[in-house]
Amino acid sequence: MTTAEERPAPVEDSWAALYQGAARDTYRRTLLELARTDERIHCVDSDMGGFEDGFAAELPGQYVNVGIAEANLFGLSAGLAAAGLIPFANTMSAFATTRAAEQLKLDVAGSSLPVRIVATHGGLSAGHYGPSHHALQDLAILRTMPQLTVLVPADAGETALAVRAAAYHPGPVFIRLGRNPTPQVHPEPYAFTIGEAVRLVDGDDVALLATGPLPVHYALTAARLLAERGISARVLNMHTIKPLDRAAVLAAAQETAGLVTVEDHLVVGGLGGAVSELVTSEHPCRVRRVGIEDRYLDSVGDERDLLEDGGVTVDRIVTEALTLLGAARSDSPDQRRK
């Protein structure tokens, strides 16, 4: 597990200024930088917008737009990968995991081809488009895909690190991004490693395990509020959903009173499900899951408003942590961490 303190010296003074705003903008810039130095890297577009003036204009021979046809997007990308190229397939997360699930399963994951799928509009970041664009089942679907690595960066800077790490990672990779500008979690670069969670805050009373930009931001805010109550909350940025950082999760389970997971996904099948499955078999402990309630959100609105409507808020995280601690403290001291 990487810790926030184990950061190398900044590679550039402007890191904090450069990596602000929307992760998808950083991704486009990073992809073009990589493709300039490696002609095997191809941008396979599904009429997403944002690539024509940049990538396509500069590297037309490494760009193809299949239109709004996600199944073709994955099929073509799989073919490019089989031919020795490094395709980055671009679409929205809701469409990548439902509309083109068969091609994702068979052509990409099932064939273990090095396709890098970068899906924006994750979670409720496209809430203004309505339920058709909500991506609340995507992580559950992705976790079942064989041989697929799943990354969820917490901010724009971590997106740049994740894209660079994914470019030459063995096998297929899915990177889930949001749509909107989000708070900066990492003001400096660090040694990003696929499969290794980042400890943002130390703590031994309770652990908050979060994935995604706003969930991680909410977890950090909740930790500060808990600290005002004298409660030490560990915060882990779970930027890799698959493979899960077993060591970090199990250490949190063993060293605290329990775990609170936080995500912009249904409480079924996402990070909370992955963590629960792991601790159930390896080190049973209390787990409270903060995610979208198991219901259909048919609302149209702002991302934060929809998260609140679905049950993902800072107050909810604090409440779940206090509930967990209360239950743990009702046990005898000898039973607390067993």
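Predicted model: local features only at pLDDT ≥ 70, side-chain atom pairs only at ≥ 80, totals over all residues.
Residues are numbered from 1 along each chain as its sequence is written, and side-chain values use heavy atoms, with hydrogens and water left out.

**View 1. Two domains in one chain.** Here's the protein chain split into domain 1 (20–176) and domain 2 (198–325), with bounds that come from an automatic or database domain assignment. Their centres, taken over C-alpha atoms, sit 26 Å apart. Domain 1 puts 29 residues into the contact and domain 2 puts in 31 (contact means heavy atoms within 4.5 Å).

**View 2. What gets covered up.** Between domain 1 and domain 2, about 2200 Å² is buried, and carbon and sulfur atoms give 57% of that. Buried area is the accessible area (1.4 Å probe) that two parts lose on being put together, summed over both. On the domain 1 side, look for L124, L136 and R143: this trio supplies 32% of the area that domain 1 buries against domain 2, more than any other three residues.

View 3. The rule finds 2 salt bridges between domain 1 and domain 2 (a side-chain nitrogen of Lys or Arg within 4 Å of a carboxyl oxygen of Asp or Glu). R176 and D264 also meet through their side chains in a salt bridge, at 2.9 Å from N to O. On the side of domain 1 that touches domain 2, α7 (138–143) and β6 (149–151) are the elements giving two or more residues, and α7 gives the most, with 5. Helices (H or I, at least four residues) and strands (E, at least two) are DSSP runs, numbered from the N terminus.

View 4. First stop: K242 and P243, joined by a cis peptide bond with omega about 0°. You'll find P243 in the loop between β11 (240–242) and α10 (246–255). Next is D47, which has a positive phi of about 60° although it is not a glycine. D47 sits in the loop between β2 (41–45) and α3 (52–58).
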